[in-house]
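Thanks for coming, everyone. Please have a look at the structure on the screen, and then I will take you through it part by part.

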Amino acid sequence: PQPHMRLLRGPLLSFDADPGEGDTPAAGSVRHLEDGAVWLVDGHIHAVADHAELAPHLPADIETVDYGDKLMMPGFIDSHVHYAQLDIMASYGRQLLDWLNDYTFPEECRFAERAHAEAVAEAFLDETLRAGTTTAQVFCTSHPGSVDAFFGAAKARGLRMLAGKVLMDRHAPEALVDDPLGGLADSERLIGDWHGRDRLGYSLTPRFAPTSSREQLEATGAVLRNAPDLHLQTHLSENEGEIAWVAELFPECQDYLGVYERYGLVGPRSTFAHGIHLDQPMRRRLAEAGANVAFCPTSNLFLGSGLFDRLACREAELATTLASDVGAGTDLSGLATLKAAYQVGQLRGQPLTAWQGFYRLTLGNARALHLDDRIGRLRQGGEADLVVLDPQATPLLARRTARCRTLAETLFALMMLGDDRTVYATWANGRRVHQRDA
Ligand code: GUN
Ligand code: ZN
């Protein structure tokens, strides 16, 4: 068959390294082309260059999409999100543990029904693509069918996604709990069916220490030891009440992180959502294991969990990722996540530059998740996932960006004023998967 080819022409921005915390990005970290071109062949990027440089090498009949007044970037990455919580976003007035009992667990019960799971998975992917997010690490529910529904929907759209079945054998409604070994047997069946299939990967998903027995955590660690290419996702030190509960449930462990360490769950492909209330030795222990903590600013503000200390993580050389954590998060948009991250940073005296923000949303998240050999930047041989931002998306944004004299100013305006309307188009696996109404 003929290869599927497209040329996307226009301004483009991609990171090759961490730009650092300075107002100007570290040398060699940013690639910005004012009239760039990305040549897509099937699901990959065949070439990226200035348009003038690429033009002589293009097939005469290649279909070109001109994004002349837009800005192309690698597709955004969300390192921690719960697809099954889409419909309980913005449920009023609780902190973590009450919010879980009052809203989250009842909602997750509905995913016993496969048709419900399939419908929500489709709605969730519609929304993430509308927000320019092409890859996410996703919590499903404790029902294996919720995972089949999610992976099936992601596969049909050609997306690179990580996901897993929630492991939870206690302290939740009867209808949601699995049992220590049954939960792992279901996970192994799902790994066999989905891990490494097309662009999908499996993430072992013990919900958090309070909802798993020692037996279940032990069995999860054993699966991870035998298959170190799997990811693992869980929650850590989000809320003071949660931390006190963990100390009660696991008195034999040194601290909350010590529970995960004891069972062999802290490794280079492990993502710990939140990690707000940590001390520096705990951050170092996470860093030494090569793990990452997911900073979920809209969620942390919504549940009143606390202000994430991003620079303490940097000092400990602990990788941080950026995440929406919907449904506690209030927005699936990476731009909205950046805006909240900036605001949290301001309250901590740690302002976030636009360089650092857009790096985290793309290559930074890809690196921390060990996906940077495939996604996270616009480069030859990489997978063809892109977002096209519109600096004139709204009348207000058009007025504001007309004033911008530098790329840094434009990027900062996009991160503070942007939302899903700012996403003009999204491409995944070499195909257009979202186009905003004109
Ligand atoms: N801790 C355990 N489960 C959850 C969840 O679903 N959301 C958040 N924000 N924290 C959790
Ligand atoms: Zn979460």
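Let me begin with the ligand. Sorted by class, the shell around ligand 1 holds four nonpolar, four polar and three charged residues, where Ala, Val, Leu, Ile, Met, Phe, Trp, Tyr, Cys and Pro count as nonpolar, Asp, Glu, Lys and Arg as charged, and the others, Gly among them, as polar. Among the residues that surround ligand 1 are His-82, Arg-207, His-235, Glu-238 and Asp-325, and a residue is taken as near a molecule if its C-beta atom, placed from the backbone, lies within 6 Å of it. Helix α2 (residues 96-109) gives the most to this shell, with three residues; helices (H or I, at least four residues) and strands (E, at least two) are DSSP runs, numbered from the N terminus.

Please keep in mind that this is a predicted model, in which local features need pLDDT of at least 70 and side-chain atom pairs count only at pLDDT 80 or more, while totals for chains, interfaces and linings use all residues. Residues are numbered from 1 along each chain as its sequence is written, and chains are lettered from A and ligands numbered from 1 in the order in which they are written.

Now to the domains. The protein chain is divided into domain 1 (5-75 + 376-435) and domain 2 (76-368), with bounds that come from an automatic or database domain assignment. Their C-alpha centres lie 28 Å apart, and 33 residues of domain 1 are in contact with 32 residues of domain 2, contact being C-beta atoms, placed from the backbone, within 7 Å. On the side of domain 1 that touches domain 2, the largest share, six residues, comes from α15.

Which strand holds Thr-426? Thr-426 lies in strand β16 (residues 423-428), and it counts as buried because it has 24 C-beta neighbours inside 10 Å; the cut-offs are 20 or more other C-beta atoms within 10 Å for buried, 12 or fewer for exposed, and partly exposed in between. Thr-426 and Val-388 are 38 residues apart in sequence, and yet 6.1 Å apart in space, C-alpha to C-alpha. Leaving aside neighbours within four places in sequence, the contacts of Thr-426 include Gly-75, Leu-129 and Val-433.

Note on methods: Contact = placed C-beta atoms within 7 Å.
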